[in-house]
Amino acid sequence: MFPIVITVLLNTADGGFERPGALGQTGAHFAFAGGVVVSSLAAVALVYAPGRIYFDHAGRPEPLVASTALVFAAGLKLAATYFLLPELYRAGGGEPDIGATREVMWRWIRWPALGTALSITLLLVGSALEQGQWGRGQVALIAGAAGLTLSHALFDVLSIVGSSRGYRR
Amino acid sequence: MSLTRREVSIALASAALVRCGGRLVNPSPKEFPLGVASADPSPGGALLWTRYDGGEALRAVVWPDGSDTAVEVPATGRWALAEITGLTPATWYRFAFVAGDKRSSEGRFRTAPAPGTSPIVRLGATSCCKAGHPFDVLLRAGERTDLDAFLMLGDTVYADGAGSLDEYRAAWEDPLSTAEHQQLRASTALIATWDDHEVDNGWGGDNVTPEQLAAARQAFFEHMPQRTPNGAQVLWRSVRFGDTAEVFAVDSRSERDEAAGEYLSRAQMSWLKDGLAASPARFKLVMTSVPIAEYAVPLFAPFKDDRWEGFPASRAEILKHVEDEGIGGVLWVAGDFHLACSGRVSLSGPGQSAREILVGPAAQLPNLSPSYPAGPQFEWSSGLNNYAELELDPLRPSIRARWLDGRGRAIKELELAV
């Protein structure tokens, strides 16, 4: 739920809760943050489900299944964040410039997005190496998982900060 | 135990009461809340156990499966033990405890084959039974009628957080009250060791207080019957099944000396080395709650200090001893990892010709590693809840191992050349 916390902090810092007539804008920020939460949970489910199905069938995890699922989940999450979530700012009423919101947000999230892509690449490489010999790909798997955790968290936080800045412009 | 004609007559009458009705119709779970168990079978008997909550004199009645001829022995204590001897080797027996007009449920055990004989021996094995997880595996294993004994590799209960004797007893009582535990414990003789969770999570020798360890040890011995040929409340011992197999139960936890780098005490190490070298059995199974195999990969490295690998001198000493003495037929059997697997103990160095299998978890989450042991060192692994069945046929060059899940379905079958 940290996207909601970030949004509360941003709004508190900007006086968004007290400013007259800002209720709609605050609602829009929370709608976006809610969208971030939902998209993150959906991404986790998209990665977890195939891994779980494989485990129930084979009795063991298969890193390549999870890594491949991550590619799809990350792609969908990026698309949802870029194309869909900025539209939620319309919930604040008026005529928001969604294009500008999207543009500013992208400037904030492009590096974490690249970090996420590199981390998933590491996970894919590690998974492939594990196929050949147990243990051979585990350094890559550990580095990829650490990078993914960090970059994904940054991606979510900065998408909120960036879209917030774009919306206010 | 030799019996007079009068003793046999009395015992026969008791057994008839127990089995055929009269005043003793149904088991009394109030007086015997944890069922019954047997343990450490010998050619002439076994150790019999129950928890008795009554006040009358207690005795165990034992009769051959399918026969009316019975014998009885006195049992003592609230966590009551009775040692029955003088029975026929390699024979199935039933037993129950009787006190006044109350009786326990029935259990069964098979006496071990006599030395000099080499019948096929079948053993079950599992580890890690955490309350709150389904106990289906225990139920399926307890439905078996063909297992000569069942090896409990530790973490039979999770007593984490307990400190006093009463708390440890409660940690045992809750799971042992379940039908699944009681069915397994009544179905055949147990051969048990412990792991960390019988004391505390991550316990490994000196990181609990002596008082806490004493309480945990007492509760363990109260609930897991076993012979103590090497001293009071000393876990390590062996159980022999004729010339077919000898099971060495190792205490992998309480005798560690981290400062000296010793995983087992010198006394235990000497006992294990001498026992393996002297055993005439075709197969020697070493029950070590924590694996001895090398898991030299980054995902398993952080926990290295908790297992044999963290004590390289002890590990090398026992593995080199087996190799140098040319001791054949050794299979290491372990639990703890929440995964089942089979493989070589090492890829190179000491243990490269040795084999280890992991059994269980019976009722636990699977190992959380995203990648499980595989080739070239390991041939198979699984995180499904399971118990293993080992068929030890001295006429065959290998041990047939099967892992079965909570539905009784075989999830893997392997021939283990040892």
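## Helix pair, chain contact and sheet

In this predicted model, helix 2 and helix 3 of chain A meet through two sets of residues: A:Ser39, A:Ala43, A:Leu46, A:Val47, A:Pro50, A:Gly51 and A:Tyr54 on helix 2, and A:Val65, A:Ala66, A:Ala69, A:Leu70, A:Phe72, A:Ala73, A:Leu76, A:Lys77, A:Ala80 and A:Thr81 on helix 3. By class, the residues of this contact are 13 nonpolar, 3 polar and 1 charged.

How do the axes of the two helices cross? They come within 9 Å and cross at roughly 160 degrees. Since angles over 145 degrees count as roughly antiparallel, helix 2 of chain A is therefore roughly antiparallel to helix 3 of chain A. The crossing is right-handed.

Now for the two chains together. Chain B puts 16 residues in contact with 14 residues of chain A. On the chain B side, strand 18 (residues 378-382) gives the largest share, 3 residues. That side has 11 nonpolar, 5 polar and no charged residues.

Chain B also has an open sheet of 9 strands, in the order 5-2-1-11-10-9-19-20-21, with mixed pairing. Neighbouring strands are turned by 30 degrees against each other on average, direction ignored.

B:Glu391 stands opposite B:Arg400 in strand 20 of chain B. Helix 2 (residues 136-143) of chain B packs on the sheet, touching strands 9, 10, 19 and 20 of chain B. The direction of this helix makes about 165 degrees with that of strand 9 of chain B.

Technical notes:
Residues are numbered from 1 along each chain as its sequence is written. Chains are lettered from A and ligands numbered from 1 in the order in which they are written. This is a predicted model: local features need pLDDT of at least 70, side-chain atom pairs count only at pLDDT 80 or more; totals for chains, interfaces and linings use all residues. Axes are lines fitted to C-alpha atoms, for helices over the stretch in contact, and angles run from 0 to 180 degrees between N-to-C directions. Helices (H or I, at least four residues) and strands (E, at least two) are DSSP runs, numbered from the N terminus. Angles under 35 degrees count as roughly parallel, over 145 as roughly antiparallel, 65 to 115 as roughly perpendicular and the rest as oblique. A crossing is left-handed if the near helix is turned anticlockwise from the far one by less than a right angle, and right-handed if clockwise. Two residues are in contact if their C-beta atoms, placed from the backbone, lie within 7 Å. Ala, Val, Leu, Ile, Met, Phe, Trp, Tyr, Cys and Pro count as nonpolar, Asp, Glu, Lys and Arg as charged, and the others, Gly among them, as polar. Two strands pair if DSSP finds at least two bridges between them.
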